[in-house]
Amino acid sequence: MKLISEEKAMLAGEQGKATQKAMEILVALGTIYDAECLVPVTSVQIAGVSYDNLGEAGLYFLTEMEQGGGKARVLTTLNPAGMDIENWQALGIEAEFAEKQNLVIEAFARMNVITNCTCTPYLTGNVPHFGEHIAWAESSAVCYANSVLGARSNREGGPSALAAALTGRTPAYGMHLEENRKPQITFEVGADLNENDDFGALGKVVGEKLQSMEGVSIPYVQGVGGATLESLKSFSASLATYGGTALFHMEDITPEAGQFKPPENSIEISQGELISAKAEMTDGDASNADFVSLGCPHLSIKEIARIAELLEGKQVVKEFWITTGRPTKQIADRMGYTETIEASGAKFAADTCCVVAPIKGRFTALVTDSAKACYYASGKNQFQTILKPFDDVVYAAIGEENAK
Ligand code: F3S
């Protein structure tokens with residue numbers, strides 16, 4: 001791999017131990033993927049922030065990088081942590097866990113990483129523009145950034161994203177190269193798509209079909225009449241989860257779609273397939289569930305406003321977590337949404353989510369509108385899952401009989 005003189009200096013240790021280690025990680029990664037060079041990045045998003053995932057080994061690595069003088073050179077934010085950093089007690093998080101989680105956050109802060117912990121950085125100020133090279137790690141955000149914003153990112157691991165932050169570079173391979181961004185197969189959608197759970201089900205169906213085709217990972221999606229920011233974040237999360245996909249093109253919706261002709265090999269997606277996909281993610285009855293959560297990926301302020309509207313004057317009868325980024329929560333505070341939501345007994349879980357928080361064993365069944373949450377809540381936390389449209393998730397928290 002060709003390195004320019006500054007990169008060679010970093011690799012030789014002339015800019016400190018942490019920068020040297022970071023450059024070693026990038027050179028190793030670039031060598032594996034046959035990258036010719038490194039490309040400068042303008043934005044980084046680091047995953048592997050929850051102490052529940054990192055453990056002592058991860059904390060040790062971060063401490064080593066921080067003590068080695070590591071400093072982020074570009075705008076860098078974090079994926080969700082294992083707790084609401086300001087209000088972890090309300091979520092039943094153990095003090096011992098909170099102490100470790102805070103050490104993780106403090107280590108990042110000392111490396112000049114902005115400790116905004118969210119999987120929707122594009123809603124809270126880390127917003128790349130079209131064509132910008134970035135190094136993000138959260139799979140749903142990578143898919144959204146590539147597809148909806150037209151930025152260029154591979155799906156980074158925690159260490160490689162940190163390495164990109166500390167050097168301002170990433171190896172030029174994969175999604176950074178124009179020739180790798182062409183659609184490979186067309187999906188013609190013949191189904192109604194309205195709510196987040198519809199788009200999540202579509203992501204599952206498309207993703208699973210892609211998984212069964214060797215060497216095909218970039219879909220061109222036709223027949224989606226319209227899509228909101230919220231439905232595209234839901235689709236991105238589901239497609240990345242079930243298909244490992246980092247980029248999709250959606251006719252008349254995503255910015256690169258117009259550059260390509262739809263590939264001739266084409267698959268139709270029917271209404272029946274979406275109904276089956278939803279049934280596969282639903283294991284039980286919402287009335288028997290003991291946990292309700294919205295915000296996978298993290299909620300937009302528009303979604304929080306809707307929750308507040310539905311909860312006005314009501315009381316929840318189940319543990320209900322509203323997960324979002326801290327800046328979005330602060331807007332909710334200012335608008336009075338937080339007061340309305342908390343008066344109902346629902347809880348904000350800012351900075352975290354129902355998957356990365358250490359809650360395995362605390363609940364048995366989760367009601368959500370997120371196809372991605374269904375996958376991880378059943379896989380990681382072994383919860384039963386019940387997939388519902390957004391408003392119905394709120395009704396499940398209130399208790400159907402109290403909802404109307
Ligand atoms: Fe975000 Fe957690 Fe879902 S990180 S995408 S809310 S699993």
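A: The largest cavity has a volume of about 60 Å³. This is a predicted model, where local features need pLDDT of at least 70, side-chain atom pairs need 80 or more, and totals for chains, interfaces and linings use all residues. Residues are numbered from 1 along each chain as its sequence is written, and side-chain values use heavy atoms, without hydrogens or water. On a 1 Å grid over the protein atoms alone, a cavity is a set of points where a 1.4 Å probe fits but cannot get out; a pocket is an open set with protein on both sides within 12 Å along at least five of seven lines; lining residues have an atom within 4 Å of a point. Volume is the space filled by probe spheres set on the points, which are joined across faces, edges and corners.

A search of the whole structure finds 1 cavity of 30 Å³ or more. Its lining is made up of N196, K233, S234, G295, C296, P297, L299, E303, D369, S370 and F390. By class, that is 4 nonpolar, 4 polar and 3 charged residues (nonpolar: Ala, Val, Leu, Ile, Met, Phe, Trp, Tyr, Cys, Pro; charged: Asp, Glu, Lys, Arg; polar: the others, Gly among them). Domain 2 (182-280) and domain 3 (286-397) each give at least three residues to this lining; domain bounds come from an automatic or database assignment.

P297 belongs to the loop between strand 10 (291-294) and helix 10 (301-311). Helices (H or I, at least four residues) and strands (E, at least two) are DSSP runs, numbered from the N terminus.

G295, C296 and P297 also surround the ligand. By class, the shell has 6 nonpolar, 2 polar and 2 charged residues. Domain 1 (5-178) and domain 3 (286-397) each contribute at least three of its residues.

The ligand takes up the space of the largest pocket; sitting there needs more than half of its atoms within 2 Å of the grid points. The pocket has a volume of about 420 Å³. Of its 23 lining residues, N53, N79, E138, V356 and K372 are closest to the centre. The lining has 11 nonpolar, 8 polar and 4 charged residues. At least two come from each of helix 5 (139-149) and helix 13 (371-379). Domain 1 (5-178) and domain 3 (286-397) both supply lining residues, so the pocket lies between them.

Now for the solvent exposure of some other parts. Helix 6 (residues 158-167) is largely enclosed by the rest of the structure, because 8 of its 10 residues are buried (under 20% relative accessible area; exposed is over 50%, partly exposed in between; 1.4 Å probe, protein chains only). The buried ones are S160, A161, L162, A163, A164, A165, L166 and T167. Just after this helix, G168 takes a positive phi of about 75 degrees.

V224 is in the loop between strand 7 (219-222) and helix 8 (229-243). Its relative accessibility is 7%, so V224 counts as buried. The C-alpha atoms of V224 and E188 are separated by 8.5 Å, although the two residues are 36 residues apart along the chain.

N112 has a positive phi, near 65 degrees. N112 lies in the loop between helix 4 (95-110) and strand 4 (135-136). At 48% relative accessibility, N112 is partly exposed.

Terms used. A residue is near a molecule or strand if one of its heavy atoms lies within 4 Å of it.
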